[in-house]
Amino acid sequence: MVLLMVCFSTSYGQRLTREYSNEVAIAWFNLQLQLIQSTPGFSPPVASRALGYSGLTLYESVVNGMPEYQSLVGALNGFKTIPKIENDKTYHWVLSANAAQKTIIKNLFANTSKSNLLRIDSLKEAIERNYIGFVDKETMVRSVKFGEAVAKAIFDYSKSDGGHEGYNKNFPQDFKIAKGACVWTPTSEQPIPLQPYWGQNRPFVKGNTDFELPHPPRCEASISSVMYAQAVEVYSTGKNLSPEQATIAKYWSDDAGKTFTPPGHAVAIATQIVALEKLKLDRSAEVFCKVGIAAADAFISCWKCKFMHNVLRPISYIRTTIDATWSPLLDTPPFPEYTSGHASVSGATAQVLSDFFGFNYHFTDNSHVGRGFKPRSFDSFFEFAEEAALSRLYGGIHYRNSNEQGLKNGKRIGKNVCELKFKRG
């Protein structure tokens with residue numbers, strides 16, 4: 001059970017979203033991070049999508065209490081309608097957000113366990129109980145119904161993006177792997193790559209999957225080739241890892257099924273900053289919406305690039321050309337190499353958070369303290385993004401170029417999200 005510290009109103013009058021604390025937002029996103037880890041099929045792309053739609057749902061469920069802000073209807077790709085409030089009626093924005101989150105999360109995590117579904121229901125009911133006697137019944141019912149309607153509309157919107165129920169489609173049997181001497185080949189017993197069609201999904205922001213990234217180096221075995229030089233760096237780095245480099249690789253690995261995945265890590269960082277800064281509900285909703293959208297679009301764009309170029313993983317190239325016995329520190333994921341998903345989502349997140357909190361914002365990430373890792377401190381969000389990207393070189397998962405280009409593309413996506421017109425005028 002999640003306990004909330006609630007600031008009660010002693011009157012039944014209308015209050016603005018900024019008059020409420022951030023606890024309802026933090027409670028729901030913390031629960032989602034737990035659901036991602038414990039729900040079958042929530043691979044990084046699938047998790048990023050859920051966080052994108054839940055972030056949008058939070059924002060749309062409270063934006064009518066934010067006079068200087070506006071709905072993202074018409075601003076997002078294919079997002080055409082959202083329920084309207086009754087202008088002469090009173091709404092309680094915490095209750096709207098609470099009902100909206102419960103509804104969207106139960107839909108997005110429809111395949112989760114019965115115990116997790118009970119946790120979702122319990123959180124919603126616990127928050128509602130805090131307001132019984134402090135909010136008149138009509139306002140409570142109206143607010144709950146509005147939040148549910150917002151979530152339903154956004155879930156309906158989500159169904160047409162190409163990723164609906166993606167947790168059931170991680171390894172589609174109809175996908176045909178490209179054949180050739182120098183294209184991606186499976187590196188485990190899983191013969192089909194993860195989410196090969198994900199790059200065809202609809203992004204939240206038009207243009208976020210359109211890019212002009214450099215083509216990766218040609219796959220050549222010659223010792224004078226760029227590809228060979230990149231592979232040698234991965235090989236030699238892996239052979240000579242320092243304890244700190246190994247820690248960095250493991251800290252940012254964020255493996256699906258064991259952790260909340262890389263997009264979950266992005267949201268975990270955002271959650272910590274929102275709590276530290278004691279943002280009110282309005283600004284919290286804006287942060288979670290922007291980070292969620294940026295993470296979701298970063299994975300679509302990255303996956304489009306991966307299956308466009310089909311680059312061999314370091315383990316495949318190195319064992320063929322350098323050392324047949326070499327193994328990386330981390331397990332190699334089952335999909336093509338270029339570009340790095342970790343770098344893409346970290347770059348997008350860093351851009352959004354920098355735009356919101358500042359480009360020299362010092363913070364400490366405690367995301368994995370519970371897993372035995374020490375907190376990691378950074379002098380900026382881009383410093384964390386660069387470390388997260390570099391961790392994949394240390395882990396033997398990516399070449400340096402893929403990390404650098406992933407960061408670059410992620411930053412571009414983050415900028416596009418920041419340019420959305422959240423505010424009026």
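C182 and C219 form a disulfide, with their sulfur atoms 1.5 Å apart (a disulfide here is a pair of cysteine sulfur atoms within 2.5 Å). Please keep in mind that this is a predicted model, where local features need pLDDT of at least 70 and side-chain atom pairs count only at pLDDT 80 or more, while totals for chains, interfaces and linings use all residues. Residues are numbered from 1 along each chain as its sequence is written, and side-chain values use heavy atoms, leaving out hydrogens and water.

**Confidence**

- The average pLDDT of the protein is 95, and 97% of the residues score at least 70; pLDDT is the predictor's confidence in each residue, from 0 to 100.
- Residues 1-12 call for some care: their pLDDT is below 50. Beyond near neighbours in sequence, this stretch has 26 contacts in the model (a contact means heavy atoms within 4.5 Å).

**The disulfide**

- The structure holds one disulfide, and the link of C182 and C219 is left-handed, with -50 degrees about the S-S bond.
- This pair links distant parts of the chain, 37 residues apart: C182 and C219 each lie in the loop between α5 (137-158) and α6 (226-239). Helices are DSSP runs of H or I with at least four residues, numbered from the N terminus.
- C182 is partly exposed at 30% relative accessible area, and C219 is partly exposed at 27%. Buried means under 20%, exposed over 50%, and partly exposed in between, using a 1.4 Å probe and protein chains only.

**Cysteines without a disulfide**

- C289 is in no disulfide, and its nearest cysteine sulfur, that of C418, is 11 Å away. C289 is buried, with a relative accessible area of 0%.
- C302 is in no disulfide either; the nearest cysteine sulfur belongs to C305, 6.9 Å away. C302 is buried, with a relative accessible area of 1%.

**K306, a buried lysine**

- K306 sits in helix α9 (residues 281-309).
- K306 is buried yet has no salt bridge, and the nearest side chain of opposite charge, E337, is 6.8 Å away. A salt bridge needs a side-chain nitrogen of Lys or Arg within 4 Å of a carboxyl oxygen of Asp or Glu. For charge, Lys and Arg count as positive and Asp and Glu as negative, with His and the chain ends not counted.
- The K306 side chain does reach the backbone oxygen of P336, at 3.0 Å.
- Leaving aside residues up to four places away in sequence, K306 touches residues including V311, R313, F335, Y338 and H398.

Terms used:
Helices (H or I, at least four residues) and strands (E, at least two) are DSSP runs, numbered from the N terminus. A polar contact is a pair of N or O atoms within 3.5 Å; within protein, one must be able to donate a hydrogen and the other to accept it, and residues adjacent in sequence count only if both atoms are side-chain atoms.
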